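The following exercises are to be worked with the sequence and the model at hand. Each task is followed by a solution in steps.

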Amino acid sequence: MGGGARYPYPKYVWSPAGGWWVRPSNWASNTAIAVGGMAAVMYAIWQVSADHEQRITQPNRFIPSMLWAKEYRHRKITFEDSKE
């Protein structure tokens, strides 16, 4: 089973992924660094988004973004005013 033996390939071909049959010894640390970098960027984008979020029409029920939006951070949220 498998696909046969490894065949000779041209050495002058460059690939950003590493080329044929690559198994770098530090793949786990490279993956951890990449995941950590993506998490840091996502956290920064999340913070900027939460600070700039504004609602033109106020919701008449609870929505999850009220927990982190700057608009609702220091205000007690009540929905009795909007109920008829």
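**Exercise 1.** Is Trp 46 buried, partly exposed or exposed?

*Solution.* The model is predicted, so local features need pLDDT of at least 70 and side-chain atom pairs count only at pLDDT 80 or more, while totals for chains, interfaces and linings use all residues. Residues are numbered from 1 along each chain as its sequence is written, and side-chain values use heavy atoms, with hydrogens and water left out. Buried means under 20% relative accessible area, exposed means over 50%, and partly exposed lies in between (1.4 Å probe, protein chains only). Trp 46 has a relative accessibility of 46% and therefore counts as partly exposed.

**Exercise 2.** Determine which aromatic pair the model contains, and classify its geometry.

*Solution.* A pair of aromatic rings is described by the distance of the centres and the angle of the planes. Rings of Phe, Tyr and Trp (its six-membered ring) pair if their centres lie within 6.5 Å; planes under 30 degrees apart are stacked, those over 60 edge-to-face, and the rest tilted. One aromatic pair is counted by this rule. Its members are Trp 46 and Trp 68, with 4.9 Å from centre to centre and 50 degrees between the planes, and the pair is tilted. The pair links distant parts of the chain, 22 residues apart: Trp 46 belongs to helix H1 (residues 27-52), and Trp 68 to the segment after H1. Helices here are DSSP runs (H or I, at least four residues), numbered from the N terminus. Trp 68 has a relative accessible area of 31%, so this residue is also partly exposed.

**Exercise 3.** Describe the surroundings of Glu 53.

*Solution.* Next, list its contacts (heavy atoms within 4.5 Å). Apart from neighbours within four places in sequence, Glu 53 contacts Ser 65, Trp 68, Ala 69 and Glu 71. Then examine Ser 65, which lies in the segment after H1 and is buried at 12% relative accessible area. The side chains of Glu 53 and Ser 65 make a polar contact at 3.1 Å. A polar contact is a pair of N or O atoms within 3.5 Å; within protein, one must be able to donate a hydrogen and the other to accept it, and residues adjacent in sequence count only if both atoms are side-chain atoms.

**Exercise 4.** Is Gln 54 buried or exposed?

*Solution.* Gln 54 is located in the segment after H1. With a relative accessible area of 68%, Gln 54 is exposed.

How values were computed: Helices (H or I, at least four residues) and strands (E, at least two) are DSSP runs, numbered from the N terminus.
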